[in-house]
Structures are given as structure tokens and as C-alpha cells.
Amino acid sequence: MHFDHPNPWAPRQDLKVWLNGRLVPVAEAAINVFDHGLLYGDGVFEGLRAYGGRVFRLDRHLKRLEDGARAIRLDLPMTRAEFAAAIDETLQANRVVDGYIRLVVTRGVGYLGLTPTRTANPSVFIIADQIELYPRELYEKGLEVISASVMRNHPNALSPRIKSLNYLNNILAKIEAADAGVLEAIMYNHVGFVAECTGDNIFLVRDGTVQTPPIHAGVLEGITRNAAIELLRRRQVCVQEMDLTRSDLYVADECFLTGTAAEVIPVTKIDGRPIGDGRPGPLTVRLIRDFRELVNQEK
Ligand code: PMP
């Protein structure tokens with residue numbers, strides 16, 4: 001049995017976690033083994049970002065959390081104002097000014113058995129810390145990605161619109177990426193169209209027009225995705241939400257991903273094929289700049 005390998009990825013020990021109304025040291029921030037979030041992935045979460053002490057588009061994240069909770073028939077135990085205050089408290093307790101926030105709501109502690117009504121109180125916890133998803137130089141060089149063979153969840157199974165605690169679908173694709181020696185994988189939907197990456201939305205540029213899969217292709221409606229669309233349209237760039245195939249990606253002039261942790265990052269190689277001239281394209285480079293300006297303006 002191997003239960004005592006040293007863990008090089010352990011969180012820093014001075015971290016304080018907000019757990020069900022209290023800030024506790026990370027060593028005490030434990031979830032009950034009968035919590036249905038753990039037993040069944042029954043719950044929802046958000047990944048948010050603080051810039052200059054202010055959470056980027058907090059209301060939209062909380063709205064998405066509310067929608068997801070509603071979709072899985074989970075009554076959130078806190079109001080939007082209470083979530084906002086708890087997030088602030090967690091940021092301050094950890095002296096995080098620029099960083100990442102993870103907000104998790106589980107179905108709560110029950111017993112064995114799927115029945116969600118056999119749980120009393122949802123559990124809520126919030127983690128705030130500094131993170132770096134991708135190395136800095138990849139924002140200049142671009143990311144290499146592969147096509148995953150595992151498809152994105154069918155929208156009528158576990159809808160990708162719900163940011164649920166069950167991320168195994170994406171984790172299976174992430175394993176394929178790791179096996180191929182790259183950091184991200186593109187997931188296709190049940191009819192073979194491009195959906196999204198394991199933790200990011202995807203865009204391509206073709207003849208000056210930007211294209212991205214529509215929400216009904218089975219993707220999470222990313223907060224960063226929507227900000228990118230807004231910024232591009234402000235620059236009079238035509239943005240089309242449309243079904244895309246693998247070969248649309250292969251012949252694109254540019255490709256980029258968006259996400260809270262990644263922000264906007266260029267993709268320069270897909271399945272071993274260079275995209276465009278193999279370097280981040282002008283539209284992507286300008287969008288990265290515009291996005292940084294936007295977060296500075298909104299802080
Ligand atoms: N798709 C998936 C599957 C995600 O998990 C995420 C968030 N990490 C995104 C897209 C991007 O969404 P957002 O811009 O709101 O972070």
C-alpha cells in the first residue's frame with residue numbers, strides 16, 4: 001500500500017480556506033467523506049480571477065453558478081451578496097490582490113445513495129491563491145494542442161453548460177494531452193463538431209473573421225469567451241458562432257483559447273500541424289493586449 005508519498009503539489013500551509021462560514025487553516029479545511037460532492041461529483045463550482053483586489057466580472061460568475069445550481073436542483077445556501085463578501089474575506093485573509101479564486105458548492109453531507117434530498121446542508125468553500133496555468137513564454141510562442149478522442153459530454157447527458165464538480169470527461173481528454181506531451185486537448189461533440197478544450201473555449205481566425213462554436217455545440221459559456229467576443233466586436237471584427245470541424249481548425253490562419261486562468265492564449269500547433277505560419281497571428285496578439293487593458297480598466 002502506498003499512502004504516504006511526499007506531495008510536491010500540496011497547497012502552501014499558511015493558506016486560509018473559507019469553509020461553511022469560517023476561515024480555517026488549510027490543514028483543517030476538510031470535507032466529510034459522506035459529502036455528495038465527493039461521493040458523486042454532485043455540486044457546482046466557479047473559477048474566478050482577482051485583478052488589483054477586484055474580482056473580474058463577479059456578477060456573471062455568480063449568475064452562472066446560480067444557473068448551474070438551478071439546473072441540478074441545488075438550492076444555494078447563500079445570496080449573491082454573501083458570496084461576494086465571502087470571496088473578499090478570503091482574498092484579504094490570504095493577501096491575494098492578483099490571483100485565482102475557486103468557489104465550490106457541494107450537495108452536502110448525506111449518506112450512501114444518490115438521492116440528493118437525503119442531504120441536509122450544501123457545503124461551500126472558497127480557495128484563493130496565486131496560480132500560473134501556462135508558462136509565460138507560451139503567450140508569445142503559442143500553445144501546442146491535440147484533438148482528444150474522447151468526446152465532450154452530450155448536452156442531454158451532463159450539459160457542458162453546467163460547471164459541475166464532475167470533470168471526468170475533461171480529465172480523460174487532459175490525459176490524452178499529457179500522453180501526447182502537450183498541455184491542452186480539443187474536445188469534439190457527439191456529432192463531430194469542435195466543442196471546446198478541457199478548461200478553455202476555442203476560437204479560430206479565417207480571412208479576418210473570428211469563428212467559435214455556439215453554446216449549443218455543448219460548451220461552457222465562458223466569461224472570458226464573452227469578454228473576447230465583446231472586445232473583437234468593439235474593433236469591428238466579425239465574430240461568428242458556428243459549427244466548426246477539425247479541418248476548419250487545420251486551415252485556420254490563427255487559433256486561440258480563452259479562460260479565466262489562461263486569459264487569452266495563442267495556439268500555434270494542432271495535432272502536429274502548424275496553424276497559419278506557426279506563430280501567434282496579429283488578431284490574437286491584439287486581443288491579448290486588449291484583454292489585459294480591459295481587466296485593468298475594470299479593476
Ligand atoms: N470550458 C471549460 C470546460 C472550462 O472549465 C472553462 C473554465 N475553466 C472554460 C471553458 C472557460 O470559461 P471561463 O472563461 O468562464 O473561465
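I began with the ligand site: the ligand takes up the space of the largest pocket. I note that the model is predicted.

I then looked up the neighbours of the ligand. The shell holds 18 residues, and Tyr167, Glu196, Ile223, Thr224 and Thr260 are the closest of them. I sorted the shell by residue class and got 9 polar, 5 charged and 4 nonpolar residues.

Which elements each supply at least two residues of the shell around the ligand? I found the strands β9 (194-197) and β13 (254-259) and the helix α6 (223-234).

Next I went through polar contacts, for which I used a cut-off of 3.5 Å between N or O atoms. The side chain of tyrosine 167 has an N or O atom 2.5 Å from an oxygen atom of the ligand. For arginine 64, a side-chain N or O atom lies 2.8 Å from a ligand oxygen.

Last, I turned to the whole protein. I counted 8 helices and 15 strands. Along the principal axes, the C-alpha atoms fill a box of roughly 55 × 40 × 40 Å.

Key
Residues numbered from 1 in each chain as written. Predicted model: local features only at pLDDT ≥ 70, side-chain atom pairs only at ≥ 80, totals over all residues. Heavy atoms only, no water. Near = heavy atom within 4 Å. Polar contact = N/O pair within 3.5 Å; in protein donor to acceptor, adjacent residues only side chain to side chain. 1 Å grid on protein atoms, 1.4 Å probe; cavity = no way out; pocket = protein on both sides within 12 Å on 5 of 7 lines; lining within 4 Å. Sits in = over half its atoms within 2 Å of the grid points. Helix = DSSP H or I, 4+ residues; strand = E, 2+ residues; numbered from the N terminus. Nonpolar A, V, L, I, M, F, W, Y, C, P; charged D, E, K, R; others polar.
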